[in-house]
Amino acid sequence: MTPGGWIFLISTWGLIILVAVYCFSRVFQNEAKEKTGGDN
Amino acid sequence: MRLEREHWGSRLGVILAVAGSAVGLGNFLRFPVQAAKNGGGAFIIPYLIALLLVGIPLCWVEWTAGRYGGGFGHSTGPGVFQSLWKKNRFIKYFGITAIFGPLLIYMYYIYIESWCLSYSWYSLTGQLASIPDNQGFVNFLTSYQGLDTPSFLAFSSAGLIFFVLTFATNLGVAYYGIRGGIERLCHIAMPLLFFFGLVLAVRVITLFAPDPAHPDWNSINGLGFLWNPDFSALKSAKVWLAAAGQIFFTLSVGMGAIMAYSSYVKKNEDIALSALTSASTNEFAEVIVGGSIIIPAAFIFFGPDQIVGLAESGAFNLGFVTMPQIFNKIPVGAIFGFMWFFMLFLAGITSSISLAQPVIAFLEDEFNVSRQKAVKIFAAVSFVLCLPAVVFIHRGVLDDLDFWGANFFIVVGATLEIVLLAWVFGIDRAWDEMHQGARLKVPRIFKFIIKYVTPTFLLAILGYWFFTDWWSLITMKDVPSENVPYILGIRLLLLGLLLLFVFLVWKAWHKREPGQSPGKEAEQ
């Protein structure tokens, strides 16, 4: 694999993982807040 | 009396269901092949641009339109479009695209999904392990499809049994409704799908270089085949169109499935974060999991010279002919083979169930029939409609359905949705509607993108298609002469179906008293 290939792979995977983790953490955080009645 | 409207049991439930609709066979078969054929790592540039400018904005649009229509008791195009543009008497007929498109895809998708189920069975029972070579696998597939002996109808008894089994499983899930059927299925199927996918990706990457005679045929170079950028490919318009097409195909936008699902989201529940979460789940499955299995595995066992030809041979050839050969070469390959095909089956069923939902919901909402009765009607009609793709597969019927369903109607449907929401309903109202109950503030730049950039992009794709392909498609210029009667027959059937939907929409609205908004009782 060329250095360019590594750059594309790592940056794309990193971006997708980052967005997915951010979204799911927000979803779970909100669900937890709603269950404990702390949100509204 | 109007039947009570269902809702999702949890936010995670709807996210997994929409992600399940989006994660399909294309994530694991189509994406890696498209990327390998269109510039490798450089393909990711137009792919990500299309995701930002078309894919994600359309997800937000479809979720917003769906939840808004759901507030008036509508889950499908005709009712949702009418809710968005109340004064126009004809707009509901344009909404038929969001029922007709998914039905067209359903008509052939179930059959392909059944291949995955059967191959997972054949992997477990060792039948695939006994096939010695490439030609053996080609013969096995053609025999399974009933193409080994020349005949008017192409089918095999095994093919039909697995088709019926797959068809029945889909309807069994649909029968139990949104929460009891679809949500429950996705709660089990989606984690299992990711588990199988990640196990397979790790297995492929840890194969390293299994052939000592070819140390450069290794998993890192296999990933490199997919990721090493060829920037010259970016000069080709074809590459940009392929990337946009892949985004459309992968996110299930424009076909009405997301609209139907989001119509069961309550008025004050979030859609902005949910839409982005389901889209990112799909991208994880496609780029990270899908990109780490089929192409790297084929590279490791067939080398750089053959991989180009394999990628050119198409996604199905790679999935159903090449992959089983690879599983035969690795320890406990039968288990990995089962995981591969069952993962494809799970990806398929979570998508096909979302393709069935618009028609079922249309019958429920607009004719006030029970869920169970709607599923029974859909079962009887769709079984007959699925048969042409099975028995005339050798006549190009499946490919023709794929073009109209998965290419033409989704682009038309997406264009109508976004123009209606951003221009007729109004971008300011749409923006407010999208942010009602939102757990995520969408950057304001997307207001501009949704109003101007995405519709322009979609109109450009449609314009390009009309300019380049329209006439040759209508006149069947590229269809072999012996297949013309079959393609003509299926197109007449589709035209008849379309007219039937026009009649049903007319009937549904006509039977109500003037001024009565259909499903108004369900308004939240």
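Biologist: Which residues of H4(B) are buried?

Modeller: This is a predicted model, and in it helix H4 of chain B, residues 77–84, is mostly covered, with eight of its eight residues buried. A residue counts as buried if 20 or more other C-beta atoms lie within 10 Å of its own. In H4(B) the buried residues are B:Gly77, B:Pro78, B:Gly79, B:Val80, B:Phe81, B:Gln82, B:Ser83 and B:Leu84.

Biologist: What share of the 524 residues of chain B count as buried?

Modeller: The same cut-off, 20 or more other C-beta atoms within 10 Å, decides which residues are buried. Of the 524 residues of chain B, the share that counts as buried is 54%.

Biologist: Which residues touch the most other members of the largest nonpolar core?

Modeller: This core holds 180 residues, and helix H16 of chain B, residues 333–367, gives the most to it, with 20 residues. Setting aside neighbours within four places in sequence, the contacts of B:Ala389 are with B:Met107, B:Tyr108, B:Tyr111, B:Val397, B:Leu398 and B:Leu401. The residues that touch the most other members of the core are B:Cys59 and B:Ala389.

Biologist: Which helix gives the largest share of the side of chain B that touches chain A?

Modeller: The contact takes 17 residues from chain A and 23 residues from chain B. On the side of chain B, the elements that give two or more residues are helix H1 (11–22), helix H10 (219–227) and helix H13 (272–289). By class, this side has 13 nonpolar, seven polar and three charged residues. The largest share, nine residues, comes from H13(B).

Biologist: Over which residues of chain B is the pLDDT below 50?

Modeller: For the complex, the predictor gives an ipTM of 0.93 and a pTM of 0.94, while chain B has a mean pLDDT of 92, with 97% of its residues reaching 70 or more. One stretch, which has 14 contacts in the model beyond near neighbours in sequence, has a pLDDT below 50. That stretch of chain B is residues 520–524.

Notes: Residues numbered from 1 in each chain as written. Chains lettered and ligands numbered in written order. Predicted model: local features only at pLDDT ≥ 70, side-chain atom pairs only at ≥ 80, totals over all residues. Contact = placed C-beta atoms within 7 Å. Helix = DSSP H or I, 4+ residues; strand = E, 2+ residues; numbered from the N terminus. Nonpolar A, V, L, I, M, F, W, Y, C, P; charged D, E, K, R; others polar. Buried ≥ 20, exposed ≤ 12 C-beta atoms within 10 Å, placed from the backbone. pLDDT = per-residue confidence, 0-100. Core = buried A, V, L, I, M, F, W, Y, C linked by C-beta atoms within 7 Å.
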